[in-house]
Amino acid sequence: LGHGGGGKLTQSLLSDLFFPAFANPFLNQQHDGAILPVHDGRLAYTTDSFVVDPLFFPGGNIGDLAINGTVNDLLCCGVIPHYLSAGFIIEEGLPFDILKKIISSMAKAAQEANVVIVTGDTKVVERGKCDKIFINTSGIGVVRPDTQISPLNAQPGDVIIVSGQIGAHGICILSTRDNLGFETTVKSDTASLVDIVENLLSGVPEVHVIRDPTRGGLSSTLNEIASTAHVSIELEEEQIPVSEAVCSACELLGLDPLYIANEGIMLFILPGKYAEEALQLIRNSPHGKNAAIIGRVIGDEKAELSMKTSFGRKRIIDMVSGEQLPRIC
Amino acid sequence: MISPFFKIILRMLHNYQIYIKGLVQGVGFRPFIYKMASEMELTGSVYNTSDGIYILIQSSETNKNTFIDKIITNKPAIAEIEEISVKETNRIIPENNKFSIVTSDFGNNSITRISPDIAICNDCLNDVKKQVHRLHYPFINCTHCGPRFSIIKSLPYDRDSTTMNSFKMCPICQTEYNDTKDRRFHAQPIACNTCGPVYRMKNSQGIYTEDYNTILSSIKECIIKGGIVTLKGIGGYNLICNATNPNAIKRLRKIKMRPQKPFAVMFYDKSQAEKYVFINNDELQLLTSWRRPIVLLRERQKICSNGLNDGYRTLGVMLPYMLIHHDLLESKEIEAIVITSANSDGEPIITQNNEARCKFEQTTDLVIEYNRDIYNREDDSVTHVISGKSRIIRRSRGYVPEPIRSDLHVEGIFAVGADLNNAFAIGKNKDIILSQYIGNMQEKENQIFFETSMFHFFQIFRFSPKQIICDSHPEYFSTAIATKYSIQHSVPLLHVQHHHAHAAAVMAEYNLNEDVLAVCLDGTGYGDDGCSWGGEIIKCNYTSYNRLTHIEYMPLPGGNAVSKEPWRMVISYLHDKSGIRTLYPDDFIERIGKKKINIIEMMMDRNVLSPLSSSAGRLFDTVSSLMGICDINTYQSEAAIKLEQLADIECKEFYPINRSNPLDFKNLVKQIAKDYQLGVPISVLSSRFHNTLVYSLAHTIHYFSKKTNINKIILSGGVFQNKLLSNLLIKQLTAKKLHVFFPSKIPCNDGSIAIGQIAIAAALKKNK
Ligand SMILES: [Fe+3]
Ligand SMILES: [Mg+2]
Ligand SMILES: [Zn+2]
Ligand SMILES: [Zn+2]
């Protein structure tokens, strides 16, 4: 790909690649902006930028991630996602094929999540000014009537449900990027979880919190919730679903699955009395087969995250800032 | 009418006030003063203040001098006098021609020293056989022995401020308590069969008995049969079983979830112990001292064929410190008992009766409680002797809360220590008071232990922090606690580098307020460059430090995981990026697997999760796993300890040291790998490793000593728990005319970090 500077090249990218791939009535307006009908109720609006190395990895690529990430963020607000925007910053020299693959993955992911890309932008920058391709997506959706979902709502008596096996995305990226030669390849879990959330919200009268534990994994997300809602959270190590492959990779790498990024996992916090019902609903969706109740919220002013280990002890799970530095003397 | 003659005498008498500071409360000091004053027919009074003892006497000058000399020479065995000041005073002495003990006076901010818990004394052991109201009374004590720190809630040390406050003295005890000539005069925990605490046991029908003899014989029977007993001790509950029974020990390991780590053993006396261990004079002194710690001793023969201390040539030994221990072992029907804290390994020792029942009624055969509360939880302390001096490994019962007296003004400084073997410390005037051993801060229960003890210390010592100090490791739990406290209470926070704190702790013990060279060898500490340090030679004083050299950096493939899995370090030391054939021993490859080794190599090559470290602990791990001694630690430092245990101490061989960089040990490890593969015995290789390491260190220290003109050398860090290494290095450095300072009253491991943190903070403050 050559350096375009807003000229002919960008124009041809748009007409040859983006428009056909994302085709929908709003995008086809070919206006400076998309003009969208106003819905009743409340709108939710979110944005996220995606940079990942490598661009392609087992289970997906940067394109899927960009769609699923924003869709899942909207879902966390109890929202039905409708419209997405997509912005691309492309490094000069990126092979056209690669871009094409990414775009078609995006189109497919959008279709699966039942969202449309209504506006976008593309910039091609000089070599070295960005790493291959960066994508930003923003999304708008309508908040489901009668839902009040917020991290503030977590309260004693609630249970924590995770929608699937954790740690796959982070391990996949790490082992692909550095080609560490694990015996089994771990596939990224990237997916949008519209059906899980829809099923759950229409089946259970009260869901307090929905969060996607992406960067920093379960530990960061749950620590955040604990401190926002001023509650403590207690996990059961044995209940947390982790695939065999992720588990053994983590062991070798010296990582704890609780700290590893996920891209197709949701956390639900809801009253204990709906726990079993909710679990069934989640398990009905294809991405929710391995869902599990992994812990509970307790009233404790310390607002900390702890985990009962398989030895029956309680460990504090803190938010680790960066690389895990040796602590043990 | 006063006769003229009497008037003259009166003029010769003066009123004096005498202040004594030190360990003078709860050790029989006031009765001692009373007795002496009465014998010398002095009038006046004595009382406890919150910072010591105050004596007022009317006396001639000569008599006063004799009196003071006698105080110093005849003081009670456990008492320690740190300061004694005498002044003439105008204070009126009541003219009743008597000397009296006045009840306690609450003083200013300063505090007196609180005695640690004291093992039952010989006089009391006699009394239980003679005194009618104390026949077989298990909680007998006197002014010279009994519980102290474990039961104290506030100062001054009076019965009301201890957990004895719920027991009302019977008339006989009360009389003894008031009788200045009695051995129990003002013994705060005084008790007898009528009025004191009692043991309780639930029998098989679920009915409680308080009869001591029944309880005693039930315990004996249970232990002889191979059962496990949960028994409430001084600082918390213990689990005990027959030390000669492998099955009982196996079961104990399951209950405690402690697969490997050796247990300590209690013998009735020295001669019983000597059947199984060697005891030299220094060790005997430690073993029989009133502190009654566990002492690590060289084994003569195994007391238990397997499961007690596998892979060790040393055994942790202690002697009875409660009457019930004597009573269990005296008849020698039981050779020795394993005695360990009642908890899951790594968690705090249980102190509450209901918790003990709930955790151990199902899993053990007998639960014995008593009805006095333990206020301050304590483990048994662990010690050994290195180069003729006692060294402490775990500092708790019998030692806490004895302060380290510094020449710095440390008032108001609170230091949280580090994350492993945690203990915190507070500063009062010039005293640094270290808390009891707390443990690994990642465990939730230990954090609660930390917070409770912190609260108790603040309350007992009337302490409120003006400054708080933590390690510079950004991810320590202790750092998080300190940060939170600092914000919540608006107290300034200071971060201190780990190894500087290690050095400063020893400087504080020996009052070295000057430039020194410190050799800090440990597992890990957060370095200023973000790497994991642990094999450091630094030049420092309290306020600044300069890293002179360090063990060559090696990657830690897997970061944190490395300290649990020594096998990773073997790859780190042996793998060569340049593709030269690596020298992994065949059996190492067999145990670990080629695939795994490959992945670890790739992690290092690609710099994935492989932070750099200069750790000495990891070097020991490497050599240990390399020779198949220990690939995975089931407890802290297992690989390193077992490596030391296997060394042939007679072997003087060593490998040539690396002249260009003596602290680069890659070649040493390669050499050991080669010789191991060739079949050289592990015991020889372990010795060569220790010897070479010592030569390299001594060589380096000597070089820097000459270069900096400093001849005071500090040895600190957990690796110095290694007796072989310590003995050898001390010997070589001393031979080079260097003054070696090794922590004795405080642990060399992270248990003393808080002391160093306080010393550094105090010195920095003074410099401002
Ligand atoms: Fe350390
Ligand atoms: Mg213990
Ligand atoms: Zn006594
Ligand atoms: Zn009595």
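Visitor: Where in chain A does Ala303(A) lie?

Guide: This is a predicted model. Ala303(A) is placed in the loop between β11 (292-298) and β12 (305-308) of chain A. Its phi is positive, at about 50°, although Ala303(A) is not a glycine.

Visitor: Why does Ala303(A) count as partly exposed?

Guide: A residue is buried with 20 or more other C-beta atoms within 10 Å of its own, exposed with 12 or fewer, and partly exposed in between. Ala303(A) has 15 C-beta neighbours inside 10 Å, and therefore counts as partly exposed.

Visitor: What makes Lys332(B) exposed?

Guide: The limit for an exposed residue is 12 or fewer C-beta neighbours. Lys332(B) has 11 other C-beta atoms within 10 Å, so it is exposed. Lys332(B) belongs to the loop between α10 (323-329) and β13 (337-341) of chain B. Lys332(B) is not a glycine, yet its phi is positive, at about 60°.

Visitor: Why is Arg395(B) called buried?

Guide: The term buried requires 20 or more neighbours. Arg395(B) has 27 other C-beta atoms within 10 Å, and is therefore buried. Arg395(B) is found in the loop between β16 (389-394) and β17 (403-405) of chain B.

Visitor: Which residues does Arg395(B) touch, leaving aside those up to four places away in sequence?

Guide: Among them are Ser381(B), Val400(B), Ala423(B), Tyr437(B) and Ile746(B). Val400(B) also takes part in a cis peptide bond, which joins it to Pro401(B) with an omega of about 5°. Pro401(B) is likewise placed in the loop between β16 and β17 of chain B.

Visitor: Where in chain A is there a cis peptide bond?

Guide: Such a bond joins Asp53(A) and Pro54(A), and omega is about 5°. Pro54(A) has its place in the loop between β1 and β2 (56-57) of chain A.

Visitor: How do you know that the size of chain A agrees with that of a compact globule?

Guide: A compact globule of 329 residues would have a radius of gyration near 20 Å; chain A has 21 Å, so the two agree. The C-alpha atoms of chain A fill a box of roughly 65 × 50 × 30 Å along the principal axes. Of its 329 residues, 47% count as buried. The secondary structure of chain A comes to 8 helices and 13 strands.

Visitor: What radius of gyration would a compact globule with the 768 residues of chain B have?

Guide: It would be near 27 Å, and the 28 Å of chain B therefore agrees with it. The C-alpha atoms of chain B fill a box of roughly 110 × 70 × 50 Å along the principal axes. In chain B, 56% of the 768 residues count as buried. There are 23 helices and 29 strands in this chain.

Visitor: What makes β1 and β5 of chain A edge strands?

Guide: They belong to an open sheet of 4 strands in chain A, in the order β1-β6-β4-β5, with mixed pairing. β1 (43-50) and β5 (116-125) of chain A each pair on one side only, and are the edge strands. Neighbouring strands of this sheet are turned by 15° against each other on average, direction ignored.

Visitor: In which sense do β4 and β5 of chain A pair?

Guide: Strand β4 (residues 79-91) of chain A and β5(A) pair in the parallel sense over 9 bridges. Ile90(A) stands opposite Val124(A) in β5(A).

Visitor: How does the span of helix α21 of chain B compare with the expected value?

Guide: Helix α21 (residues 682-708) of chain B has 27 residues and reaches 38 Å from its first C-alpha to its last, close to the expected 39 Å. After α21(B) comes Asn709(B), whose phi is positive, near 65°.

Visitor: How many residues does each chain bring to the contact between chain A and chain B?

Guide: Chain A brings 26 residues and chain B brings 44. On the side of chain A that touches chain B, α7 (244-253) and β13 (314-316) of chain A each supply at least two residues. β13(A) gives the most to that side, with 3 residues.

Note on methods: Residues are numbered from 1 along each chain as its sequence is written. Chains are lettered from A and ligands numbered from 1 in the order in which they are written. This is a predicted model: local features need pLDDT of at least 70, side-chain atom pairs count only at pLDDT 80 or more; totals for chains, interfaces and linings use all residues. The expected span of a helix is 1.5 Å times one less than its number of residues. The radius of gyration is taken over C-alpha atoms; the globule rule is 2.2 Å times the number of residues to the power 0.38. Two strands pair if DSSP finds at least two bridges between them. Axes are lines fitted to C-alpha atoms, for helices over the stretch in contact, and angles run from 0 to 180 degrees between N-to-C directions. Two residues are in contact if their C-beta atoms, placed from the backbone, lie within 7 Å.
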